[in-house]
Amino acid sequence: MTVTLAQAINRALTDAMAEDDRVLVFGEDVGRLGGVFRVTDGLQSRFGEQRCFDTPLAESGIIGTAIGLAIYGYRPVAEMQFDGFTYPAFEQLVSHLAKLRNRSRGTLTLPVTVRIPYGGGIGAGEHHSESPESYWVHTAGLTVVSPGTPDDGYAMVREAIASDDPVIVMEPKRRYWMKADIELPVTAPPAHEALVRREGTDVTIVCYGPMVRTALDAAEAAEEEGWSLEVLDLRSLSPMDTEAIVASVQRTGRAIVVHEAGRSLGLGAEVAARVQEAAFYHLEAPVLRATGFDTPYPPAKLEGYWLPDVDRILDLVERSLAY
Amino acid sequence: MVDDLQRAGSGQLDPTSLLPPAEPVHLLDPDGTLHEDPDHPVGLDDAALLELHRTMIITRRVDREAINLQRQGQLGVYASCLGQEAAQVASAWALQDEDWIFPSYRELGAAIVRDVDPADLLHLFRGTWLSDHDPYEHRFALLSIPIGTQALHATGFAMGARFDDNPIVTVVYFGDGGTSEGDPHEAMTFAGVMRAPVVFFVQNNQYAISVPLAKQTAAPTLAHKAIGYGLPGYRCDGNDPLATYAVTRRAVERARAGHGPALIEALTYRMEAHTTSDDPSRYRSDEELEAAALTDPIVRLRNHLRNRDLLDDATERRFEEEAAERAQAVRDAIYDAPHGDPLELFDHVYVAPRADLAAQRDELRAELARREDDDGGAA
């Protein structure tokens, strides 16, 4: 059966709500409209206005009330409509959602899932195309995952909702319409395990979310050049599966990290640090980064110059192999 | 009761019904004279009035002890509630046991009403740990430092209660400065739309650290802010325990009955510094402080009880002695209290164990072992 990422996530929400009546889905336009990307389509009509509801347009309010609902005993799934709209909720996410369990010495448990459509590539411009994952990864107390395939969209959202820890699900919005031939419900390895999506021998491409597809395309193109790329999908950004990264780099001796987020203090920096700590003598070349630039997100007509693509990855592959 | 909220946004709502009264509700004069008001019945029997008095005395004494402990270097910092005992104790008194309180960081009085051991809260200020009471046991959430943010937690909790048809109410405390922050506004917006049974209790103690109310808002009163969210705004003399009790009770029971949230502005005065790190002599005069002292909430209730022969010297002495014992217990628990095991820093970050944190825990464990060796070598 052909399933898009958006459909897979919708089904995950549906199944979680059907299994546990403490699961609530809320956010801006998620009810009657079914979300601006239709990811919550049909939930309100099936489960009623108390289980899936539209909130006022106030992101701090969405996360702050999710915290209160979780303390009460609900299992909230909050949607942030776009990546750039999470910033008004920053304080609630960072100072409370992430930290209340620790602050309460383990007395408070906050099983909150925050879904954030993120990243560019849909011609939507600033505020609607950003990649803020480093903020969440840098915040102790949060778990951060990003599906790169429809199967993972289903499995990761189910896992996030089942988790007693707060989980941020970074959903690659440009891949919402990506299709896979799968039967739902699917199972997948736990999100904290990175997966080799394509085996290769020359260079490890470390990626996640929207760049999984791009990296696979790059690996395909590289084959014509006679280069064998291994594509490692991190899946979980926090925690990060260091062992899997290191194991792959030990095989290939080279690594390139790919993400849309700007380069400085992006996840590539963390991956590079971990690789040089754990696999220094296996490295044939420095860890390189194919990323967005350290500029604000560009106007829609220029995003093609800004976002990492197959060519940017292949240029770095060539550089890596030239060492 | 007319269902005002259903008419919100339709232009049919009579906005004047949400406006605060011209004068704050005031029942008890500083000399203890009671002015009964049929709109704000107190309904506390004599024994309850004595209990209220006793709890305010304990609050003031423990608060003093915390300041003393800070002066002796036993606490890093402390935010006193001196002068705000009625605003806190009498409002918390208006709740049922199952109702939840979401405090800021100054709510010692409300905590004592909820039988939270003050020492458990003071561990935050000592730095031994971040909190040490069970919120579920006391229906008293953690102290919240970022200003006003807890208003959303109280609102979400109340939404949950409403979804469950659970007849509980939440009360969230914040200050005059807090009304300028975004979160209380988002909370009132949500609470209004969701009909969440939450009462927003603003202790207007006149100062946000050094900034007086006039520089905080151009609103006629803080209670007037409620109308923008379709909430009724109430005002009371927050140094009048009976007015505070009656007004809070009314708002709480209105919310419990399903008529929605409300905002209360309790007019009080912060007699102490913002915290022990603050120097109020830089921004307010002795004369102002002396004038504020004349409205003292504890003196007021004492006068009332004395006027009615409900409080004799022996009872008063018993209250003072008990307060001293409570203060001593806090002192015993806090003085030189050791911090916990540094390795516990890793224990409560996540429910699910994480390999990366376990590795960092091992790093710290190794550092601790090396330190012990070094100390051993030096000895």
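**Notebook: a predicted two-chain model**

I began with Phe90(A), which counts as partly exposed at 32% relative accessibility; buried means under 20% relative accessible area, exposed over 50%, and partly exposed in between, with a 1.4 Å probe and protein chains only. This is a predicted model, in which local features need pLDDT of at least 70 and side-chain atom pairs count only at pLDDT 80 or more, while totals for chains, interfaces and linings use all residues. Residues are numbered from 1 along each chain as its sequence is written, chains are lettered from A and ligands numbered from 1 in the order in which they are written, and side-chain values use heavy atoms, leaving out hydrogens and water.

**Entry 1: a surface patch on chain A**

I placed Phe90(A) in helix H4 (residues 90-97) of chain A; helices (H or I, at least four residues) and strands (E, at least two) are DSSP runs numbered from the N terminus. With Tyr87(A) and Tyr135(A), Phe90(A) forms a nonpolar patch on the surface, and together they have about 270 Å² of accessible area. Patches are made of residues with over 30% relative accessible area and no salt bridge; like charges are joined within 9 Å, and nonpolar side chains (Val, Leu, Ile, Met, Phe, Trp, Tyr) within 5 Å. Accessible areas come from the Shrake-Rupley method with a 1.4 Å probe, and for residues only the protein chains shown count as cover.

**Entry 2: the nonpolar cores**

I then looked up the largest nonpolar core, which has 79 residues. A nonpolar core is a set of buried Ala, Val, Leu, Ile, Met, Phe, Trp, Tyr and Cys residues joined through side-chain atoms within 4.5 Å. Among the members that touch the most others are Val114(A), Trp136(A) and Phe200(B). A second, separate core of 64 residues includes Leu28(B), Ala87(B), Ala110(B) and Leu121(B). In soluble globular proteins, nonpolar side chains tend to be buried together.

I found Ser320(A) in helix H12 (residues 310-322) of chain A, buried at a relative accessible area of 0%. Apart from residues up to four places away in sequence, Ser320(A) touches Val203(A), Arg254(A), Ile256(A), Ala285(A) and Leu288(A); contact means heavy atoms within 4.5 Å.

Arg213(A) is in helix H8 (residues 211-225) of chain A and is partly exposed at 33% relative accessibility. With residues up to four places away again not counted, Arg213(A) touches Arg175(A) and Met178(A).

Arg256(B) lies in helix H8 (residues 241-259) of chain B and Asp99(B) in the loop between helix H2 (85-93) and strand S1 (100-102), so the pair ties together parts that are 157 residues apart in sequence. Asp99(B) is buried, at 0%.

Arg306(B) and Glu316(B) meet in a salt bridge at 3.3 Å, N to O. Arg306(B) is in helix H10 (residues 297-307) and Glu316(B) in helix H11 (residues 313-334) of chain B, so this pair ties together parts that are ten residues apart in sequence. Arg306(B) is partly exposed at 31%, whereas Glu316(B) is buried at 8%. Salt bridges that share partners join Arg302(B), Arg306(B), Asp313(B), Glu316(B) and Glu320(B) into one network.

How values were computed:
Salt bridge = Lys/Arg side-chain N within 4 Å of Asp/Glu carboxyl O.
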